[in-house]
Amino acid sequence: MVAVAERRWRPGTRPLLAAASGVLLAASFPAPDLEPLAWIGLVPLLVAARGLRPGAAFRIGWLGGFVFYLATVYWVAYTIGSYTTVPLAVALGILALMASALACYTGAFVAGVRWLAARGLPVTWLAPLLWVALEWLRGWFFIGFPWAALGYSQYRHHDLVQIAEVTGVYGVSAILVLFNMVIVGILPERGTVGILPERGTVGILPERAAGTPPRRLVPALVALTLLVVGVPTWGRWRAAALARRPPAGTLRVALAQGNVEQAHKWDPAFQDETLARYRALTAEAAARRPDLVVWPETATPFFFQEPGPLRDAVLETAEQNGVYLLFGSPAFRRAPSGAIQELNRAYLVSPAGREMATYDKMQLVPFGEYVPYAQALFFVRRIVEAVGDVVPGLVPTVFRLPSARFGVAICYEDVFPSVTRRFVAAGADFLVNVTNDAWYGPTSAPPTPASPP
């Protein structure tokens with residue numbers, strides 16, 4: 001048997017398959033929340049890359065990733081267009097730029113799969129590792145944006161995601177990619193033109209004759225079956241075992257949800273109304289004797305660090321109700337150069353009405369709180385006008401209550417496992433996440449899972 005050529009794809013088929021993968025993967029996240037699609041979402045993309053060299057595979061993978069990120073982070077354009085002076089057309093361009101950069105990781109994955117396959121390496125086993133490595137890298141390199149890691153799509157499958165205790169979200173992502181790789185391995189490859197052995201003439205070879213023998217997939221099928229059955233079974237057992245443990249302690253926590261419209265939040269005319277809303281919610285919660293009352297990120301629409309009646313009103317709220325009060329507020333500091341630097345800060349106030357400690361957000365939102373590579377992207381600096389050009393904090397403060405210690409992850413920080421680990425390493429017994437989702441309006445950003453339950 002001598003194969004001499006591969007059957008050609010119809011024009012446009014590969015790009016359509018790549019785009020279909022982007023749509024399927026995006027639909028596995030909110031708002032559609034069709035999480036079963038993540039188990040097959042990569043299949044069209046990987047099929048489209050068959051027979052391609054790594055460079056061409058990167059391009060087809062980039063297209064699939066571009067569609068996926070346009071569909072999952074479109075709220076970036078909504079936020080920029082709604083709350084800054086940047087025109088909508090420019091906001092859409094920034095979204096396209098961001099999606100283009102993130103799509104490079106999907107392109108690198110598909111190119112890597114083809115590179116491994118061309119060298120006869122066990123790509124079915126190596127592809128999940130490659131995907132996970134790229135997901136981890138995406139959380140740090142270029143703009144540091146680990147949003148919508150594949151494993152997060154399964155957040156409603158409580159038993160399955162318990163493996164995150166050991167592996168983080170990356171373990172769930174790896175299982176999904178392995179499942180997709182096995183499906184691709186089962187699917188027949190396109191036939192090739194060659195010498196038919198039984199006739200000695202040129203023709204289309206049988207499809208499986210051009211592909212991987214099914215027996216090579218048996219170990220992967222066995223491993224996948226064990227994972228799909230075993231991981232949820234272990235997760236169910238683990239959750240039950242933890243539920244049977246006596247609690248290390250108890251803490252009554254009250255959450256005050258002000259639901260302040262973003263358009264009103266920073267308008268001085270609404271400052272008193274906003275503060276009055278949170279004071280009323282706190283007084284209502286105090287009747288149930290909570291150990292801690294929590295307000296959202298930047299709940300106070302003013303600089304709490306500045307002396308004055310607004311600061312005094314917050315301190316009085318904690319004192320009059322006899323509660324520990326945690327809340328977010330914008331802050332600032334003076335740099336050694338004399339420049340004023342803005343901070344996203346959390347405060348803890350005691351029942352005596354005294355400021356106890358502060359924490360400054362360490363992991364900032366790209367294009368929201370700062371512009372990455374600002375010198376190169378000078379033309380988009382106006383998008384941070386609504387929140388300022390924030391600088392990161394340096395210390396993972398652990399707040400202390402009489403009965404426990406805790407760390408505060410502010411908004412976007414909850415998608416960074418390393419931030420969580422720093423709080424725990426510093427002695428935190430539990431974590432609080434405060435956020436302001438009013439920026440995102442009716443988009444899918446607020447319900448998109450940040451981490452498995």
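**Cavities and backbone**

Guide: The lining of the largest cavity divides into 9 nonpolar, 2 polar and 2 charged residues; here Ala, Val, Leu, Ile, Met, Phe, Trp, Tyr, Cys and Pro count as nonpolar, Asp, Glu, Lys and Arg as charged, and the others, Gly among them, as polar. This is a predicted model, in which local features need pLDDT of at least 70, side-chain atom pairs count only at pLDDT 80 or more, and totals for chains, interfaces and linings use all residues. Residues are numbered from 1 along each chain as its sequence is written, and side-chain values use heavy atoms, with hydrogens and water left out.

Visitor: Which element supplies the largest share of the lining of the largest cavity?

Guide: A cavity is a set of points, on a 1 Å grid over the protein atoms alone, where a 1.4 Å probe fits but cannot get out, and lining residues have an atom within 4 Å of a point. Helix H3 (54-72), helix H5 (88-118) and H6 each give at least two residues to the lining of the largest cavity; helices are DSSP runs of H or I with at least four residues, strands are runs of E with at least two, and both are numbered from the N terminus. The largest share, 4 residues, comes from H6.

Visitor: What is the volume of the second largest cavity?

Guide: Glu135, Arg138, Pro146, Ala149, Tyr152, Val169, Tyr170, Val415 and Pro417 line the second largest cavity. H6 and helix H8 (169-186) are the elements that give two or more residues to this lining. A volume is the space filled by probe spheres set on the grid points, which are joined across faces, edges and corners. For the second largest cavity, the volume is about 50 Å³.

Visitor: Is alanine 148 buried or exposed?

Guide: Alanine 148 lies in the loop between helix H6 (123-138) and helix H7 (164-167). Although alanine 148 is not a glycine, its phi is positive, at about 60 degrees. Buried means under 20% relative accessible area, exposed over 50%, and partly exposed in between, with a 1.4 Å probe and protein chains only. Because its relative accessible area is 4%, alanine 148 is buried.

Visitor: What is the relative accessible area of arginine 289?

Guide: Arginine 289 is placed in the loop between helix H11 (271-286) and strand S5 (292-294). This residue is not a glycine, yet has a positive phi of about 55 degrees. Arginine 289 is exposed, and its relative accessible area is 69%.

Terms used:
1 Å grid on protein atoms, 1.4 Å probe; cavity = no way out; pocket = protein on both sides within 12 Å on 5 of 7 lines; lining within 4 Å.
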